[in-house]
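Hello,

Here is the structure we talked about handing over. My notes on it follow below.

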Amino acid sequence: MPRQLGELEDAVMTRVWQWNRPVTVREVLEDLQQERSIAYTTVMTVMDNLHQKGWVRREVDGRAYRYTAVSTRAAYSAALMNEAWSQSDNPAAALVAFFGMMSAEQHDALRDAMRIVLPTLPEGAVPAVGEAVGEAAGEAAGEDAEAADGAEPDAGR
């Protein structure tokens with residue numbers, strides 16, 4: 001699983017992802033210099049490190065390299081979310097808490113994503129996130145209570 005990019009690595013990768021084409025150290029440097037004072041060798045080292053870590057591939061172009069992203073920012077973000085979620089001792093509760101932090105726009109994006117991932121569900125089968133969070137919170141609380149009792153989830157039903 002990927003570790004989170006450092007601040008400068010993220011600044012470089014942001015440009016590589018946004019431009020969505022092979023880029024040189026010089027191009028990234030010139031763009032970064034609009035925000036901060038930074039040396040060519042620093043950007044070159046960061047881009048070489050990103051190559052060594054597998055975030056970018058490079059090809060020789062004259063006396064320089066051109067760097068291209070290996071995956072998208074969306075894939076990177078998804079891997080980070082998956083890593084964080086897998087570290088939880090209670091994944092259901094972690095998801096409930098995460099959904100509870102989401103903005104209305106993020107709820108809409110989640111609903112749209114669920115429609116893409118689960119296209120065979122009938123219309124209306126994907127509830128509004130607020131409804132789903134409420135249901136999941138109740139289920140997660142019930143699982144925690146059963147676990148605390150030491151009972152099997154279906155015992156006595």
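**The hairpin**

Strands β1 (residues 56–61) and β2 (residues 64–69) pair in the antiparallel sense, over six bridges. Keep in mind that this is a predicted model. R58 has Y67 as its bridge partner in β2. Two residues sit between the strands of this hairpin, and G62 takes a positive phi near 70°.

**Salt bridges**

The whole structure holds 11 salt bridges. Three of them are described here.

- D10 and R73 meet through their side chains at 3.3 Å, N to O. D10 lies in helix α1 (residues 7–19) and R73 in helix α4 (residues 73–86), so the pair ties together parts 63 residues apart in sequence. D10 is partly exposed at 26% relative accessible area. R73 is also partly exposed, at 30%.
- R15 and E35 form a salt bridge at 2.8 Å, N to O. This pair links distant parts of the chain: R15 is in helix α1, and E35 is in the loop between α2 (25–32) and α3 (40–52), 20 residues apart. R15 counts as buried, at 6% relative accessibility. E35 is exposed, at 56%.
- R66 bridges to D61, with the closest N and O atoms 2.6 Å apart. Shared partners join R21, E27, D61 and R66 into one salt-bridge network. R66 is partly exposed at 25%, and D61 is partly exposed at 39%.

**Surface patch**

M114, I116, V117 and L118 make a nonpolar surface patch of about 380 Å². V117 belongs to helix α6 (residues 104–117). Is V117 buried or exposed? V117 is exposed, because its relative accessible area is 61%, and the cut-off for exposed is over 50%.

Best wishes

Notes: Residues are numbered from 1 along each chain as its sequence is written. This is a predicted model: local features need pLDDT of at least 70, side-chain atom pairs count only at pLDDT 80 or more; totals for chains, interfaces and linings use all residues. Side-chain values use heavy atoms; hydrogens and water are left out. Patches are made of residues with over 30% relative accessible area and no salt bridge: like charges are joined within 9 Å, nonpolar side chains (Val, Leu, Ile, Met, Phe, Trp, Tyr) within 5 Å. Accessible areas come from the Shrake-Rupley method with a 1.4 Å probe; for residues, only the protein chains shown count as cover. A salt bridge is a side-chain nitrogen of Lys or Arg within 4 Å of a carboxyl oxygen of Asp or Glu. Helices (H or I, at least four residues) and strands (E, at least two) are DSSP runs, numbered from the N terminus. Buried means under 20% relative accessible area, exposed over 50%, partly exposed in between (1.4 Å probe, protein chains only). Two strands pair if DSSP finds at least two bridges between them.
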